[in-house]
Amino acid sequence: MNFIEAKEVERVVAGLCVKANTFLRPDVLKSIKKAYQKEKNGSLSREMLGILIKNAEIAGKSGLAICQDTGMVAVFVEMGRNAAIKNGDLMKAVNKGVAKAYRDKYFRKSVVGDPVLRKNTGTNTPAVVHIGINEGSSIKISVMAKGFGSENKSRMVMLDPTAGVERIEDFCVETVKKAGPDACPPYILGIGIGGTQEECALLAKKALLRPITKPNRLKHIARLEREIMDKANALKIGVMGLRGASTVIGVNIETGPTHIAGLPVAVNVSCHALRSASAVIGK
Amino acid sequence: MPLDRKDILFLKAGEQVFLSGVIYTARDQAHLRMANMIKEGKGLPLSLERETIYYAGPTPSHGGKIGSCGPTTSSRMDVFTPALLKKGLKGMIGKGKRSKVVRDAIKSSGAVYFVAPAGAGAYLSTKIKSMEPVAFEDLGPEAIYRLTVEDFPVIVAIDARGGDIYERLSEGK
């Protein structure tokens, strides 16, 4: 058994929260720069994309959050089957790490304890924690700070099993159309196809953890990723809804086995400030 | 800032403008509270006459450094906006489209709706010179903050004549 201190988990989670919120992911920054090049010189669209690039620079240098909506935190923990936590509880350690980062770095506390009563917890916890078991003896932790402007535009549907690829594409493109200019385009889409309802939504969220510059390794899914991106860009919503060339700068799909009577599809919408970071403990 | 009536009439949808002066943040909960106060005939915690509201919930400031402060989605405040316009509100800054009801209310009040660069909270904080809470402090990031801004970049999204850069996208509503 590889015993890992709970304090170490807390420390690493805190560090990942800070990194996610202040250093824009390199694949995302690269894609925004690509979008910048696509716009006409002197256009308002190009200027707005230029501001996003400047914003990433300012955040990285100053430690200011990339976006004031430092989000609700989703944590993905992959425990090696030979790893174990000592001197503490995994869930408590993860939440302590999140609370520490949001307190020490003055990030916004945007979590309410009860969805109906809506009292702010003041700590940006609890985080949403997904735990899985893997091979090995280390712990892989991925942290995503998810803002709710984009989260609120996420949708899912239970399609007929015979619906076909075009219907899947239409649903995803329609999701972007409904989001319009409201959730800070250009967007990044995490799409889940298959599973049960809750697994499908989880696939969509996990899809956003993969670099958006890397296609799905299944050829027929990689093709679907490209087609959805092309069709969504044809909507010509553009940055800030200014009708520019880039409405969606990344599409990642994750698939899973599903039931013979079902075709669940989930779209988790992210804005251009897709924020996540990961680390491995106990290697 | 505050906006001059003449200046507002000059502004055209799609124009880029730089704002300097005082604006007030207010978002979901603050709007809900103000709407209830108006309904109950109570006085608002601040005069909205000629003022501009910025739909934002900033990250906290500390050590004199202003936190990240970009715009939040304006459409969530649509239902509360006509009442505030009646109270003299003249400007709004946010992101995304508004409803037809709000567009019409902006037109009839001679007001203006701006959009600020969306998702650039760190960049925008460099245009904010001071921030202090003035009402509903218990709401934390959702409190009403008084901001002094300098060369704060915005784009006119809905002008006083009802010109709307998102009209094409609002058509479906």
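Is A:Asn124 buried or exposed, and how many other C-beta atoms lie within 10 Å? Select A:Asn124 to begin: A:Asn124 is buried, with 24 other C-beta atoms within 10 Å. A residue is called buried if 20 or more other C-beta atoms lie within 10 Å of its own, exposed if 12 or fewer, and partly exposed in between, with C-beta atoms placed from the backbone.

Before going on, a note on what is on the screen. This is a predicted model, in which local features need pLDDT of at least 70 and side-chain atom pairs count only at pLDDT 80 or more, while totals for chains, interfaces and linings use all residues. Residues are numbered from 1 along each chain as its sequence is written, and chains are lettered from A and ligands numbered from 1 in the order in which they are written.

**Stop 1: the loop around A:Asn124**

Keep A:Asn124 selected. The residue sits in the loop between α4 and β4 of chain A. Helices (H or I, at least four residues) and strands (E, at least two) are DSSP runs, numbered from the N terminus. Phi of A:Asn124 is positive, near 60°, and the residue is not a glycine. The peptide bond from A:Thr125 to A:Pro126 is cis, with omega near 5°. A:Pro126 is in the loop between α4 (90-104) and β4 (128-134) of chain A.

Next, select A:Pro185 and A:Pro186. They are joined by a cis peptide bond, with omega about 10°. A:Pro186 belongs to the loop between α6 (165-179) and β7 (187-195) of chain A.

**Stop 2: strand β5 of chain A**

Select residues 139-146 of chain A. This is strand β5, and six of its eight residues are buried. Two strands pair if DSSP finds at least two bridges between them.

β10(A) pairs with β5(A) in the antiparallel sense over seven bridges. Here A:Ala145 has A:Arg275 of β10(A) as its bridge partner.

**Stop 3: chain A as a whole**

Chain A has eight helices and 10 strands. Its radius of gyration is 19 Å, close to the 19 Å that the globule rule gives for 283 residues, so chain A is as compact as a globular protein of that length. The radius of gyration is taken over C-alpha atoms, and the globule rule is 2.2 Å times the number of residues to the power 0.38. Along its principal axes the C-alpha trace of chain A spans about 55 × 50 × 40 Å. Of the 283 residues in chain A, 50% are buried.

**Stop 4: chain B and its helix α2**

Switch to chain B, which has six helices and six strands. Read from the N terminus, its elements run α-β-α-β-α-β-α-β-α-β-β-α. The C-alpha atoms of chain B fill a box of roughly 45 × 40 × 30 Å along the principal axes. Of the 173 residues of chain B, 47% count as buried.

Select residues 28-39 of chain B. This is helix α2, with 12 residues, and it reaches 17 Å from its first C-alpha to its last, close to the 16 Å expected at 1.5 Å a residue. The expected span is 1.5 Å times one less than the number of residues. In α2(B), B:Ala30, B:His31, B:Arg33 and B:Met34 are buried. Seen down the helix axis, the buried residues of α2(B) fall within an arc of 160°, so they line one face of the helix. The arc is that of the directions from the helix axis to the C-beta atoms. After α2(B) comes B:Gly41, with a positive phi near 70°.

B:Asp151 has a positive phi of about 55° although it is not a glycine. B:Asp151 is exposed, with 9 other C-beta atoms within 10 Å.

**Stop 5: where the chains meet**

Show both chains. In contact with 31 residues of chain A are 32 residues of chain B; contact means that the C-beta atoms of two residues, placed from the backbone, lie within 7 Å. Helix α5 (residues 121-125) of chain B gives the most to the side of chain B that touches chain A, with four residues.
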